[in-house]
Amino acid sequence: MKAGFSAKRISPTPSVAQAVTAKRRAKTASPGKKYTAIRRDLERQRKAMLAEVGEGLTNPNGQEALPDVSDQASAEADQNFSLRIREREQRLIKKIDEALDRINQNTYGICERCEEEIPYPRLKARPVTTLCINCKTLEEQEEKIRR
Ligand SMILES: [Zn+2]
């Protein structure tokens with residue numbers, strides 16, 4: 001129990017070496033720049049989705065365009081369907097916003113579970129993802145067990 005105490009010694013760190021490593025780090029890491037293309041994709045997708053949702057809100061009776069909608073049940077089902085779509089869209093827009101936030105804060109592309117960097121091709125394919133493939137697979141397995 002007392003062993004750790006004597007081993008604790010502060011090693012003098014030369015400030016010059018520290019400055020050099022700091023400089024080198026600043027040179028290699030270009031914050032935000034790495035995901036410029038993804039940021040552009042996200043912003044474009046966000047804009048497109050907002051336009052779509054806006055259309056849905058200003059024209060909620062889209063089925064009026066169809067003649068002879070006599071089946072009340074199917075009309076209701078259609079309405080539920082479009083509502084659900086809107087919910088999904090809103091959720092996705094939120095995810096896009098969060099992804100853009102992460103890019104701004106330089107936390108983008110880090111897996112939420114294992115804190116490893118998510119490979120770029122995965123981010124390009126699914127820019128709103130917060131999990132690497134391994135963790136996503138694990139999560140899906142856990143969800144299956146929970147159900
Ligand atoms: Zn992970």
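Hi everyone. From the N terminus on, the elements of this protein run α-α-α-α-α-α. That makes six helices and zero strands; helices (H or I, at least four residues) and strands (E, at least two) are DSSP runs, numbered from the N terminus.

Before the details, some bookkeeping. This is a predicted model, where local features need pLDDT of at least 70 and side-chain atom pairs count only at pLDDT 80 or more, while totals for chains, interfaces and linings use all residues. Residues are numbered from 1 along each chain as its sequence is written, and side-chain values use heavy atoms, with hydrogens and water left out.

Now the overall picture. Of the 147 residues of the protein, 20% count as buried; buried means under 20% relative accessible area, exposed over 50%, and partly exposed in between (1.4 Å probe, protein chains only). The protein exposes about 12200 Å², and carbon and sulfur atoms supply 54% of that; these areas come from the Shrake-Rupley method with a 1.4 Å probe, and for residues only the protein chains shown count as cover. Among contacts with a separation of 6 or more, residues 24 or more positions apart account for 61%, a contact being heavy atoms within 4.5 Å.

Let's go to the metal. Which residues hold the zinc ion as protein donors? They are Cys-111, Cys-114, Cys-132 and Cys-135, each through SG, lying 2.3 to 2.4 Å from the zinc ion. Donors here are N, O and S atoms within 2.8 Å of the metal (3.2 Å for Na, K and Ca); water is not among the atoms, so sites may look incomplete. The angles among the four donor atoms are 103 to 115°, and the site is tetrahedral, a label given to four donors if all angles lie between 85 and 135 degrees. In sequence, the donor residues follow the spacing C-x2-C-x17-C-x2-C. Cys-114 is partly exposed at a relative accessible area of 34%, whereas Cys-135 is buried at 6%.

Asn-106 lies in it, with a phi near 60°, a positive value in a residue other than glycine. Asn-106 counts as partly exposed because its relative accessibility is 46%. Glu-115 is in the loop between α4 and α5 too, and has a positive phi of about 60° although it is not a glycine. Glu-115, at 62%, is exposed.

Last stop, the aromatics. How many aromatic pairs are there? The count comes to two, where rings of Phe, Tyr and Trp (its six-membered ring) pair if their centres lie within 6.5 Å, with planes under 30 degrees apart counted as stacked, over 60 as edge-to-face and the rest as tilted. Tyr-35 and Tyr-108 are edge-to-face, at 4.8 Å centre to centre and 75° between the planes. Tyr-35 lies in the loop between α2 (15-28) and α3 (36-58) and Tyr-108 in the loop between α4 and α5, so the pair ties together parts 73 residues apart in sequence. Both Tyr-35 and Tyr-108 are buried. Tyr-35 and Tyr-120 are stacked, at 6.3 Å and 10°. Tyr-120 is in helix α5, so this pair ties together parts 85 residues apart in sequence. Tyr-120 counts as partly exposed at 33% relative accessibility. Together, Tyr-35, Tyr-108 and Tyr-120 form one aromatic cluster.

Terms used: Tetrahedral: all angles 85-135°; square planar, octahedral: opposite > 155°, others 65-115°.
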